[in-house]
Amino acid sequence: MAPTHPIVACFHSALLNANNLLYDGTTNLISPLSSVQDRITWTQNEVMKPIQILRPFILLSLTLLISLIIIQLNNPTLNLNPKPNQMAGVWNRSFILWLHGLGDSGPANEPIKSLFTSNHFNSTKWSFPSAPPSPVTCNHGAIMPSWFDIPEIPVTSHSPKDEASLLKAVKNVHTMIDREVASGISPDNIFVCGFSQGGALTLASVLLYPKTLGGGAVFSGWLPFNHSIIEQFPEEAKKTPILWSHGMSDATVLFEAGQEGPPFLERAGVTCEFKA
């Protein structure tokens, strides 16, 4: 058995602590996350309680990111003894992009990064962009922060897709990634993560990017495109590992929508770890 890399042990310990806070020993969350519909109601009523909403959200986000990085570090093809300049790129030049859910905002999610206290994250750059205000079909055309249009809620495995607005959002995400690559950060050290609508956008952005990224984390997301789009996946993008987690009792993005993802990714040749 190969020796455990020190940072893996650190991540594993934090992961166990997060799981203990989130689960009651079964598959049930102790504090369920707010649904997209809850966020819509909140937006309409202009009543926001971010701390109560974000506490379980932040903890589970931590779990997702930790798991994703552990997968990357335990990859047998990963060189754990790189040259000094490569080591600087691995730990000192990394980028984490977080995409929020429908009706939310980037700044409201920024407390996530305060949970990463390891000195390995001292030079990690975080980005929490906000979606532009747009009319949303599933909310009767109400204008709210939205990455792309959602035709209906709850989202099921058979829900219609709006690929036109999705691909426009993907281009914007790619622009953010390209900016970091141009600054000197290796694509291997770039992670894209998202919740609900942000998770769906994460999936599309990672699989349509022309280079292999460090990983993508999808929480309660869905396949926001038709299966025919698989032909557009670059070969390098298929090498990006995906971590996908979905609540079994999710009434907004149904569990069946989440279950549809891994088989699709497998047919596309993408590595995906699914957690329910």
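Buried means under 20% relative accessible area, exposed means over 50%, and partly exposed lies in between (1.4 Å probe, protein chains only). K238 is buried, with a relative accessible area of 18%. This is a predicted model, in which local features need pLDDT of at least 70, side-chain atom pairs count only at pLDDT 80 or more, and totals for chains, interfaces and linings use all residues. Residues are numbered from 1 along each chain as its sequence is written, and side-chain values use heavy atoms, with hydrogens and water left out.

Start with the whole chain. Of its 276 residues, 51% count as buried. The chain holds eight helices and eight strands. These are DSSP runs numbered from the N terminus: helices are H or I with at least four residues, strands are E with at least two. Contact means heavy atoms within 4.5 Å. Among contacts between residues at least 6 apart in sequence, 72% join residues at least 24 apart. The chain exposes about 12800 Å², and carbon and sulfur atoms supply 55% of it. Accessible areas come from the Shrake-Rupley method with a 1.4 Å probe; for residues, only the protein chains shown count as cover.

Now go inside. In soluble globular proteins, nonpolar side chains tend to be buried together. A nonpolar core is a set of buried Ala, Val, Leu, Ile, Met, Phe, Trp, Tyr and Cys residues joined through side-chain atoms within 4.5 Å. The largest one here has 45 residues, and L201, L203 and F225 touch the most other members. Six elements each supply at least two residues of this core: β1 (95-99), α5, β5 (190-195), α6 (197-208), β7 (242-245) and α8 (261-268). Another core, of 12 residues, lies apart from it; I96, F121, C193 and F195 are among its members. Look at F225 itself. Leaving aside neighbours within four places in sequence, F225 is in contact with K161, E163, L166, L203, A204, L207, F233 and F264.

After α8 comes G269, with a positive phi near 85 degrees.

Next, a hairpin. Strands β3 (residues 133-136) and β4 (residues 142-145) pair in the antiparallel sense over four bridges. Two strands pair if DSSP finds at least two bridges between them. P133 has P145 of β4 as its bridge partner. Five residues lie between the strands, and in this hairpin H140 takes a positive phi near 60 degrees.

Finally, the charged pairs. A salt bridge is a side-chain nitrogen of Lys or Arg within 4 Å of a carboxyl oxygen of Asp or Glu. The whole structure has four. One joins K125 and E180, at 3.0 Å from N to O. K125 lies in strand β2 (residues 125-127) and E180 in helix α5 (residues 163-182), so the pair ties together parts 55 residues apart in sequence. K125 is partly exposed at 42% relative accessibility, whereas E180 is buried at 5%. Buried K238 forms a salt bridge with E235, with the closest N and O atoms 3.1 Å apart. E235 is exposed, at 56%.
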